[in-house]
Structures are given as structure tokens and as C-alpha cells.
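Subject: Structure for your review

Dear colleague,

Please find below the structure that I am handing over to you. I would be grateful if you would look through it alongside the notes in this message.

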Amino acid sequence: MEVVNEICDLLQTHANRDKVVSLTSYVLKLWGLTAKRQDLLTASARLASARAALRLFDDAAALKVTLSYGSGKQEGPLWGTLGIAGNTFTLAYLQAEKLVFLIDTGVLRVSKETEFQVKTTHKLFWSLSAFIGFIRSIRALHISALVLKSPSAPKCASARLTQASLTTTKLVLDVIHAVSWLPPGWLWGNRLTARQASSVATASAICALIIHYRGKRLVSSR
């Protein structure tokens with residue numbers, strides 16, 4: 001019964017359910033590419049499409065984060081500016097994703113050149129959002145390390161450092177994965193094989209679930 005309750009708690013919210021669907025999708029894709037099974041690749045694509053469709057309704061949550069963060073004065077000019085930029089790129093990514101959805105479904109008819117530009121912009125906003133998240137996570141990691149070295153460090157300082165390390169690792173993987181979708185000539189865009197990109201995405205999805213469960217433990221241990 002405890003396991004069932006844990007699964008129900010995990011799947012109760014959209015954000016956590018997305019983590020599970022993401023991991024399942026990438027595992028199926030990696031498995032399908034390795035075993036050369038089209039059925040697994042089709043299943044993965046269906047789940048990926050479901051995630052993309054649900055992201056069409058993420059504006060309110062992203063806007064709430066943006067408004068809560070405000071002008072970023074609490075973090076100073078540098079980190080505050082990065083925070084605002086990250087929130088802006090996330091919102092821009094969500095709007096670009098709506099355009100991609102409309103183009104892919106045929107609701108919006110554009111030229112091949114415009115379609116390429118829209119999809120490139122979509123991946124660019126995704127990459128920039130992930131990159132800024134990674135840069136900001138380095139700061140959080142540094143602060144966690146300083147707290148751990150402090151004579152008055154709380155008991156959970158070590159666990160928080162591990163959590164910050166996992167978050168930074170996940171965001172590194174997200175940057176690698178996001179940039180790999182960009183066209184050739186954009187850093188390492190289009191240079192990873194499908195199997196390599198899927199491996200990176202799978203590792204990121206595993207990190208996301210580990211971070212979630214470790215976060216729950218940290219909250220309950222307060």
C-alpha cells in the first residue's frame with residue numbers, strides 16, 4: 001500500500017507526472033534505437049507528443065514564477081538580470097512551441113524556410129533557458145559548499161550540497177541535449193547521434209526523479 005501511495009503522490013501533480021512520462025519516453029527511444037525496434041520508437045514519439053501538447057498550457061505556471069521573481073533585485077544586478085533573462089527565455093520557448101504545434105498540425109501554413117526559422121528559434125530559446133539555469137545552479141552549488149564549510153553548518157548541509165550537485169549535473173545534461181537539436185553550425189548542434197542524445201536525455205530524466213525524492217526527504221527532515 002505504501003508503494004501505491006508513493007506512486008499516487010508522484011503522479012498527482014503535472015510537474016511530477018511529466019518527469020515520469022519524460023523518463024519513460026526517453027528510455028523507450030534509447031531502447032528502440034539500440035534494439036532497432038520501430039514499435040518502441042513509435043511509443044516514445046507518442047509520449048513525447050503528449051508532453052509537448054500538455055506544455056501548451058504551461059504559460060500560467062511559468063508566468064507565476066516570473067511574477068514571483070519580479071525584478072531580481074534580491075539577487076543583485078548580475079544574478080537578477082540572469083534570473084529575468086532565464087524566465088523570459090522560458091516564456092519565449094513556450095510561445096515558440098505553440099507556433100511549432102500549429103505548424104506541425106497544419107493549422108498554421110507557412111513556407112519551409114519560415115518553418116525552419118520557427119523551429120530553430122524554438123530550440124534556441126530552449127537551449128538559452130537551460131544554459132542560464134545551469135549558470136545559476138553553479139552559484140547555488142557554490143553557496144551550498146560554503147555553507148558546508150561553515151562552523152555553524154546545519155546537519156542537512158551535506159545533503160543540500162549533494163542536491164545542488166545533482167541539479168547542476170541535470171542542467172549540464174539539459175544544455176547538451178537542447179543544443180544538440182540546433183542546426184549544424186550552432187555549437188554541437190546536430191552532431192550527436194540519436195542514441196547519444198537519447199542517452200543524455202535519459203540521464204537527465206533519471207536525475208530529475210532523484211532530485212525530486214531527495215528534495216522530499218530534505219523537507220521532511222527539517
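This is a predicted model: local features need pLDDT of at least 70, side-chain atom pairs count only at pLDDT 80 or more; totals for chains, interfaces and linings use all residues.

I begin with helix α3, which covers residues 38–54 and has 17 residues. From its first C-alpha to its last, α3 reaches 24 Å, close to the 24 Å expected at 1.5 Å a residue. Leu40, Ser44 and Arg51 are buried in this helix. Seen down the axis of α3, the buried residues fall within an arc of 35°, so they line one face of the helix. Gln38 and Arg46, on the other side of α3, are exposed. Helix α2 (14–35) is included in what covers the buried residues of α3.

I turn next to the packing of helices. Two packed helices are described by the angle between their axes and the distance between the axes. Helix α5 (residues 76–105) packs with helix α6 (residues 112–149) at an angle of about 150°, and their axes are 8 Å apart. Angles over 145 degrees count as roughly antiparallel, and α5 is therefore roughly antiparallel to α6. The crossing of these two helices, α5 and α6, is left-handed.

Helix α6 also takes part in a crossing with α7: their axes come within 8 Å and cross at roughly 160°. The helices α6 and α7 are therefore roughly antiparallel to each other. Their crossing, that of α6 and α7, is left-handed.

Helix α7 (residues 157–180) contains Thr162. Is Thr162 exposed, partly exposed or buried? Its relative accessibility is 33%, so Thr162 counts as partly exposed. The C-alpha atoms of Thr162 and Thr120 are separated by 35 Å, and the two residues are 42 residues apart along the chain.

Most residues other than glycine have a negative phi. Lys36, in the loop between α2 and α3, has a positive phi, near 55°, and is a residue other than glycine. Lys36 is exposed, with a relative accessible area of 75%. Asn190 lies in the loop between α7 and α8 (194–220). Although Asn190 is not a glycine, its phi is positive, at about 65°. With a relative accessible area of 51%, Asn190 is exposed.

Yours sincerely,

A colleague

Note on methods. Residues are numbered from 1 along each chain as its sequence is written. Side-chain values use heavy atoms; hydrogens and water are left out. Helices (H or I, at least four residues) and strands (E, at least two) are DSSP runs, numbered from the N terminus. The expected span of a helix is 1.5 Å times one less than its number of residues. Buried means under 20% relative accessible area, exposed over 50%, partly exposed in between (1.4 Å probe, protein chains only). The arc is that of the directions from the helix axis to the C-beta atoms. Contact means heavy atoms within 4.5 Å. Axes are lines fitted to C-alpha atoms, for helices over the stretch in contact, and angles run from 0 to 180 degrees between N-to-C directions. Angles under 35 degrees count as roughly parallel, over 145 as roughly antiparallel, 65 to 115 as roughly perpendicular and the rest as oblique. A crossing is left-handed if the near helix is turned anticlockwise from the far one by less than a right angle, and right-handed if clockwise.
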